[in-house]
Amino acid sequence: MDTVRQVSVGNKIKDYYEVTKPKIWYLLVFTTFGAALTASFYFDLPIEPMTWVLLIGGVTAGSAAAETLTGYIDRDIDAMMDRTKDRPIPSGRISPKNALAFGLILTAISLVMSWFVNIWAFSLMAFGLFDNVIVYSKWLKRRSQSNIILGGFSGGAPALIGYVAVTTQNIEIGLVMAGLVFLWIPTHIWSLALHIKKDYTKAGVPMLPVVSSEKSSVRVIAGTTVMMVVFSLVPFLFGEFGIIYLATAGVFGAVMLALSMWLLVKPTEKASWTVFKFSSPYLTALFIAFMVDAYYFTPPG
């Protein structure tokens, strides 16, 4: 009997972990860590252990809260789509009421923890939650093809939270980091949406590939990729970072451009899936380059 109970409790914990969609927020939490460590190295400002706990814990809770609450709002859409129908809420493993309560508890935890970091972290956390849950999921996702653009500001919030947790000096560096995530989101999401266009069409979600022709969609994806790669060079061009960052942004940016051109010339499911899958390592590499370059080559001020 005890073994059965342990399995049941373990499965329930797994369900609540899954409802937060960890694959989505892992990278966002990493941008928080990367931005904070970059600021620490860049300005030679040590980060206290408790600040790390509050920062990473707060952003993790906030990101998990946003995904849980958007899952609650989108539960009817998720039930229609093959990719999402087995998630905990549409599959019935977690009731909508319990998911809502869990999301709100995580929201409260994230706001309290970010408050103890500083007022800037708290404000950005509140903004990010509002933008993702209300602006994107509640207001725009079912109504406008610009949903992912206006809802993308929340994606840049974790990186900026990480930066301001350490300093507000040279805030343009933190803004560039957040801007990179913001510009990364359309390429990442629209390439996925192109790959699973039938799912979004069935659910009536007006993602770009659903409301525009395939030809127009791949042109827009290619255009956003070019914008993202060009913007990624800004930190070097303005003298904020050195050769390590430039080499990383250049090599990974070239691959992103090549993949988007492949998608433009031959818009297949394989090409759109490849663009989607490579976009995450691309952003990860840039933030690793920020940290390494700041540690070795970039002098404060």
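The following conversation discusses a predicted model of a protein chain.

User: How much of the chain is buried?

Analyst: Buried residues account for 50% of the 301 residues. The chain exposes about 13900 Å², and carbon and sulfur atoms supply 69% of that area.

User: Could you show me one buried residue? Where is Thr 68 found?

Analyst: Thr 68 is found in helix 3, which covers residues 49-73. Thr 68 counts as buried because its relative accessible area is 0%, and the cut-off for buried is under 20%.

User: Which residues is Thr 68 in contact with, leaving aside its neighbours within four places in sequence?

Analyst: Thr 68 is in contact with Val 19, Thr 20, Ala 99, Phe 102, Gly 103 and Leu 106.

User: Changing topic: how many salt bridges does the count come to?

Analyst: The count comes to nine salt bridges. Side chains of opposite charge can pair when their charged atoms come close. One of these bridges joins Arg 93 and Glu 18, with the closest N and O atoms 3.1 Å apart. This pair links distant parts of the chain, 75 residues apart: Arg 93 is in the loop between helix 4 and helix 5, and Glu 18 is in helix 1.

User: Are those two buried, exposed or something in between; what does Arg 93 count as, and what does Glu 18 count as?

Analyst: Arg 93 counts as partly exposed at 28% relative accessibility, and Glu 18 counts as partly exposed at 29%.

User: Which residue forms a salt bridge with Asp 78?

Analyst: Asp 78 forms a salt bridge with Arg 87, the closest N and O atoms being 3.5 Å apart. Asp 78 is buried, with a relative accessible area of 3%.

User: What about Lys 202; which side chain does it meet in a salt bridge?

Analyst: The side chain of Lys 202 meets that of Asp 82, at 3.6 Å from N to O. Lys 202 lies in helix 10 and Asp 82 in the loop between helix 4 and helix 5, so the pair ties together parts that are 120 residues apart in sequence.

User: Which residues do salt bridges with shared partners join into one network?

Analyst: That network consists of Asp 74, Asp 76, Lys 141 and Arg 142.

Methods. Residues numbered from 1 in each chain as written. Predicted model: local features only at pLDDT ≥ 70, side-chain atom pairs only at ≥ 80, totals over all residues. Heavy atoms only, no water. Buried < 20%, exposed > 50% of the residue type's maximum accessible area, 1.4 Å probe, protein only. Areas by Shrake-Rupley, 256 points an atom, 1.4 Å probe, with all protein chains shown as cover. Helix = DSSP H or I, 4+ residues; strand = E, 2+ residues; numbered from the N terminus. Contact = heavy atoms within 4.5 Å. Salt bridge = Lys/Arg side-chain N within 4 Å of Asp/Glu carboxyl O.
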